[in-house]
Amino acid sequence: MASAPYPFTAVVGMDDMRLSLLLNAVSPAIGGVLVRGEKGTAKSTIVRGLTALLPVMDVVAGCRFSCAPEAPDSQCPDGPHEPGANASRPTRMVELPVGASEDRLVGALDIERALAEGVKAFEPGLLADAHRGILYVDEVNLLHDHLIDLLLDAAAMGSSYVEREGVSVRHAARFLLVGTMNPEEGELRPQLLDRFGLTVEVAASREPEQRVEVVRRRLAYDDDAADFAARWAEEETSLRERIVAARELLPQVALGDAALLQIAATCAAFEVDGMRADIVMARTATALAAWAGRTDVTSEDVRQAALLALPHRRRRAPFDAPGLDEDKLDETLDQFKGEDAPDDDPDPDPGPGDGGPGGGGVPPQGEGPDAAPDGAQPDDVPEAPEAPAPAPQQEPSGSGAGERAAVKAAEPFRTKVLSVPGLGEGAAGRRSRARTEHGRTTGSQRPRGTLTKLHLTATVQAAAPHQRARGRSGRGLVVRRDDLRQATREGREGNLVLFAVDASGSMAARQRMSAVKGAVLSLLLDAYQRRDKVGLVTFRGKDAELALPPTSSVDAAAARLEQLPTGGRTPLAAGLLKAHDVLRVERLRDPSRRPLLVVVTDGRATGGGQDPVALAARAARLHAADSVACVVVDCETGPVRLGLAGSLARELGGTAVTLDELRADSIAGLVREVQGTSRRAA
């Protein structure tokens with residue numbers, strides 16, 4: 001027997017997240033919630049708790065798509081539905097795993113039966129299961145981009161379309177979308193961020209008393225879930241009734257011209273792209289009013305709607321952090337507050353539980369739990385102390401000078417494309433050629449397992465010679481399983497781009513290191529756009545270190561780069577050996593993701609043994625033996641150049657480019673050069 005879910009009203013803190021979920025329960029048209037934050041902060045627990053609060057659903061008996069009896073979908077694949085037996089069931093929460101396939105998400109169409117029998121045999125996917133319920137996507141930032149596109153398209157249109165070789169199925173798919181992500185593991189593209197209605201930041205509380213209450217409640221739930229749920233039953237019932245009341249009140253809420261002007265002015269002041277933000281803010285402010293038991297929208301509703309709907313739409317560039325300047329928000333609202341705007345009630349009485357932000361919160365508590373210590377809203381986290389002023393710069397006396405403070409990176413620029421030669425089979429991306437599920441069709445093969453992408457021409461060619469033997473009569477083609485051919489497609493994959501950056505004293509001249517950081521930052525931006533994983537190895541002094549293990553978070557790599565100090569000798573061999581170790585481990589973890597090693601150095605080797613140059617050459621040949629695609633970014637400047645970076649590139653079996661040549665508008669054919677050099681080395 002399944003245990004009772006953890007009560008929504010028993011969760012400690014997390015007011016913004018709980019309010020965002022409740023507003024979407026009142027008005028699903030808001031467009032869902034994206035929850036950003038660290039692990040162990042009760043994200044999934046809260047969503048499951050909300051599911052238990054939602055009303056019981058009436059559905060057409062036997063319909064796999066949860067059609068409502070009073071208004072069944074006219075295009076339902078299980079229809080048409082005749083008036084008759086209906087059924088009731090609880091609202092579902094459907095979880096989409098990170099490794100789900102496209103067919104698992106949208107449903108699978110049996111192409112063999114469609115061709116041979118003319119039957120649309122459709123197996124519903126998770127989108128159909130989630131119709132009229134909640135679709136929960138943990139780690140949404142780790143999903144493949146094409147799955148996220150399918151998911152958000154269905155959420156926006158309220159329906160899902162499945163098409164295979166001219167055979168199509170359409171069904172309703174309206175659900176409350178909740179996505180969670182840890183920003184340290186990689187960001188979502190701004191275009192995808194914009195598709196989520198609201199966003200909230202969550203973090204574990206730093207207050208000992210609140211953490212104690214989290215643990216106390218969680219232990220009580222684990223000891224006796226049914227008894228714990230019974231103790232919160234009254235609060236759960238009260239909140240459930242309030243959701244129903246707000247839904248009924250929502251159509252009566254008036255969004256006046258003054259509130260609309262404030263919404264438009266706020267979106268314009270924060271320079272958000274498009275009009276989706278205005279629409280989401282309007283729907284959110286209306287839902288806030290209904291949640292508070294009012295029929296008019298106040299300035300405070302607009303303010304709270306902005307805090308929930310705009311932060312993720314302010315991300316203008318890949319390395320920008322989401323956020324909103326509240327002082328600027330207040331100034332804008334004051335400036336455009338019309339005379340006919342309703343006065344904000346400083347102490348509204350929205351009904352049971354005036355505990356959340358914006359006067360429309362959730363039931364007050366001592367604040368509650370999850371399987372790991374739950375958190376509170378970001379305001380509960382103490383502000384970090386101001387960083388001390390940087391120490392004054394010391395001028396080096398030579399290449400082995402002491403450590404220097406980090407310098408700021410130069411302005412990034414658009415780089416030439418660096419790609420791995422050959423044809424890979426890694427995760428979908430935008431860098432190197434690969435066999436993928438999506439892309440241009442390059443051929444056909446017999447299917448291995450379930451047929452997913454039919455090559456129609458090859459299938460007809462395979463079936464045609466056997467028509468007389470199969471007793472064909474009429475115009476139809478007799479097709480059997482052995483005739484089916486799977487289309488092979490070629491697209492692009494994401495790679496592991498590992499940076500090995502020389503931070504020694506020879507690189508320490510302020511102007512040079514600033515340019516180097518600017519170049520690496522530009523390559524990181526390129527990696528972000530091409531869906532790569534990135535890692536960062538630095539070497540200086542006596543050794544090398546892995547400053548950032550391979551990750552999907554390009555933002556984290558940019559932060560490490562910004563803090564990178566310089567100074568000391570150049571242990572080039574140590575840097576290359578560290579990079580070799582990292583790539584060896586990653587090859588075991590993810591064999592299909594091909595690496596690209598980018599060594600950023602002037603080529604000098606002045607530390608790490610009695611003959612550092614020979615040691616560096618030996619370490620470089622290890623990468624060449626593994627056929628790792630390598631590019632050396634030559635940071636040497638000045639009228640006299642030793643060409644050491646070029647020698648290193650030859651040992652690596654790769655190519656060398658200068659900082660100037662790395663710019664997209666400076667050279668042509670860099671990709672061909674990298675590939676050609678790698679092929680010669682092979």
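This is a predicted model: local features need pLDDT of at least 70, side-chain atom pairs count only at pLDDT 80 or more; totals for chains, interfaces and linings use all residues.
**Loops, strands and charges**

Q: Where is Pro80 found?
A: Pro80 is found in the loop between strand E2 (57–60) and strand E3 (86–89). Helices (H or I, at least four residues) and strands (E, at least two) are DSSP runs, numbered from the N terminus.

Q: Which phi does Glu139 have?
A: Glu139 has a positive phi of about 55°, although it is not a glycine. The residue belongs to the loop between E7 and helix H6 (145–157).

Q: And what about the phi of Glu271?
A: Glu271, likewise not a glycine, has a positive phi of about 55°. Its place is in the loop between helix H11 (257–269) and helix H12 (276–291).

Q: Is Glu271 buried or exposed?
A: Glu271 counts as exposed because its relative accessibility is 52%. Buried means under 20% relative accessible area, exposed means over 50%, and partly exposed lies in between (1.4 Å probe, protein chains only).

Q: Changing topic, how many residues of strand E10 are buried?
A: In E10 (residues 176–181), 6 of 6 residues are buried, and the strand is mostly covered. Leu176, Val178 and Thr180 point one way from E10, while Leu177, Gly179 and Met181 point the other way.

Q: Which way does strand E1 run with E10, parallel or antiparallel?
A: Strand E1 (residues 33–37) and E10 run parallel, joined by 4 bridges. Two strands pair if DSSP finds at least two bridges between them. Within this pairing, Arg36 has Met181 of E10 as its bridge partner.

Q: What about strand E7 and E10?
A: E7 (residues 134–137) pairs with E10 in the parallel sense, over 4 bridges. Val137 stands opposite Gly179 of E10.

Q: On to charges: how many salt bridges does the count come to?
A: The count comes to 28 salt bridges, each being a side-chain nitrogen of Lys or Arg within 4 Å of a carboxyl oxygen of Asp or Glu.

Q: Why can such side chains pair?
A: Side chains of opposite charge can pair when their charged atoms come close.

Q: Where do Glu213 and Arg216 lie?
A: Both lie in helix H8 (residues 208–223), 3 residues apart, which is about one turn of the helix. Glu213 counts as buried because its relative accessibility is 18%, whereas Arg216, at 49%, counts as partly exposed.

Q: With which residue does Arg433 form a salt bridge?
A: The partner of Arg433 is Glu490, and their closest N and O atoms are 2.8 Å apart. Arg433 lies in strand E13 (residues 428–445) and Glu490 in strand E14 (residues 486–493), so the pair ties together parts that are 57 residues apart in sequence. Arg433 is partly exposed, with a relative accessible area of 34%, and Glu490 counts as buried at 14% relative accessibility.

Q: Is Asp602 buried or exposed?
A: Asp602 counts as buried, at 0% relative accessibility. Its side chain meets that of Arg604 in a salt bridge (2.9 Å, N to O). Arg604 is partly exposed, with a relative accessible area of 27%.

Q: Which residues are linked in a network of salt bridges?
A: Arg431, Asp526, Arg530 and Asp532 are linked in such a network.

Q: Last topic: how far apart in space are Ser101 and Leu147?
A: Ser101 and Leu147 are 8.0 Å apart, C-alpha to C-alpha, and 46 residues apart in sequence. Ser101 has its place in the loop between strand E4 (93–95) and helix H3 (102–106).

Note on methods:
Residues are numbered from 1 along each chain as its sequence is written. Side-chain values use heavy atoms; hydrogens and water are left out.
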